[in-house]
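Could you walk me through this structure? I have the sequence and the model open, and I'd like a guided tour in plain words.

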Amino acid sequence: MLYEETRCDRCISRSALGDYSINPYIGCQHQCAYCYVPKITKNPEWKSKVKVKVNLHVTLAKELTNPRIKKGSSFFLSSLTDPYQPIESKYGLTSDALQQLLANGMKVVIQTKSPLVLKDLNLLKYNAKNVQVGFTVLGLDGNVKDALEPNAPSVNSRIKAMAYLADRGIYVFAFLGPVIPAWTDIDLEYLLAELRDIGVKELSVDKLRFRPGLRKELTEIMGNFFHGDLEYESQLAYAKVVKKVREFSGEHGILFTNPFSY
Ligand code: SF4
């Protein structure tokens, strides 16, 4: 996948996932088949190129001087890309943004599929009261993972990274979204037990949304795993997963959230 350096005039956006969000990269190397971002951003290059906001440090520093951005605001990293996709190893934009936000007294919620977040372990540990780290984990079957999230790290490696962070006092949550039929609803009990045992504090569930064009792509891929109407099956799977995760969370004192339940 190509990458290109670009510059941004602004980098902080209002977000329903916190007060604000920051996306250091445009595009995502993980290339998940269910990703709706290329559809909503109408970016034809999404699947072929990652744009790197090389002046993010300066832009963010300037924006953080805006008095309307109050100390203690929450920032979501990231809403339209994975902040710890592989190219972060080269540019470190996410680490830099994290450092700046925490130094300015902000709260940060990270969501990723990558153990690369561990490179910021010290920063996360020393600011544990102001950070939460979430990992997307949709199911244990590695074959489905490879089909749907071809370039993302294995689910096992994510679970290990979550355990590592939780052991060091960092608030860790798991995001089970979007629920994929014949994946998230299979082996769910084992996945939930693993997440409980490693000390996950929150379980969050989201449904699959059929943005235009997504149904055909996904139906083709999922045809290797089940036969049936994908939309109908995904509704059934979502209802089953929400019920199970809600009950499980209640039984084990874990916070259950369903942030996009509209
Ligand atoms: S990791 Fe997230 S942003 Fe990246 S392709 Fe997958 S769903 Fe899209």
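Here is a tour that goes from the domains to the ligand, then to a helix pair and some backbone details.

A quick word on ground rules: this is a predicted model, where local features need pLDDT of at least 70, side-chain atom pairs count only at pLDDT 80 or more, and totals for chains, interfaces and linings use all residues. Residues are numbered from 1 along each chain, as its sequence is written.

The protein chain splits into domain 1 (1–112) and domain 2 (134–262), with bounds that come from an automatic or database domain assignment. Their centres, taken over C-alpha atoms, are 23 Å apart. Domain 1 puts 13 residues into the contact and domain 2 puts in 20; two residues are in contact if their C-beta atoms, placed from the backbone, lie within 7 Å. On the domain 1 side, helix H1 (37–41) and strand E7 (107–112) are the elements giving two or more residues, and E7 gives the most, with four. Helices (H or I, at least four residues) and strands (E, at least two) are DSSP runs, numbered from the N terminus.

Now for the ligand. Around it you'll find Cys28, His30, Gln31, Cys32, Cys35, Val37, Thr81, Asp82, Lys113 and Ala152, each with its C-beta atom, placed from the backbone, within 6 Å of it. Gln31 has another feature: its phi is positive, about 60°, although it is not a glycine. Look for Gln31 in the loop between strand E4 (25–26) and H1.

Next, a pair of helices. H2 (residues 56–63) and H4 (residues 93–103) pack at an angle of about 20°, with axes 10 Å apart. Axes here are lines fitted to C-alpha atoms, for helices over the stretch in contact, and angles run from 0 to 180 degrees between N-to-C directions. H2 brings Leu56, His57, Leu60 and Ala61 to the contact, while H4 brings Leu93, Asp96, Ala97 and Gln100.

Finally, some peptide bonds to check. Most peptide bonds are trans. Leu77 and Ser78, though, are joined by a cis bond, with omega about 0°, and Ser78 sits in the loop between strand E6 (74–77) and helix H3 (88–91). Gly177 and Pro178 are also joined by a cis bond, with omega about -5°; Pro178 lies in the loop between strand E9 (171–176) and helix H8 (188–197).
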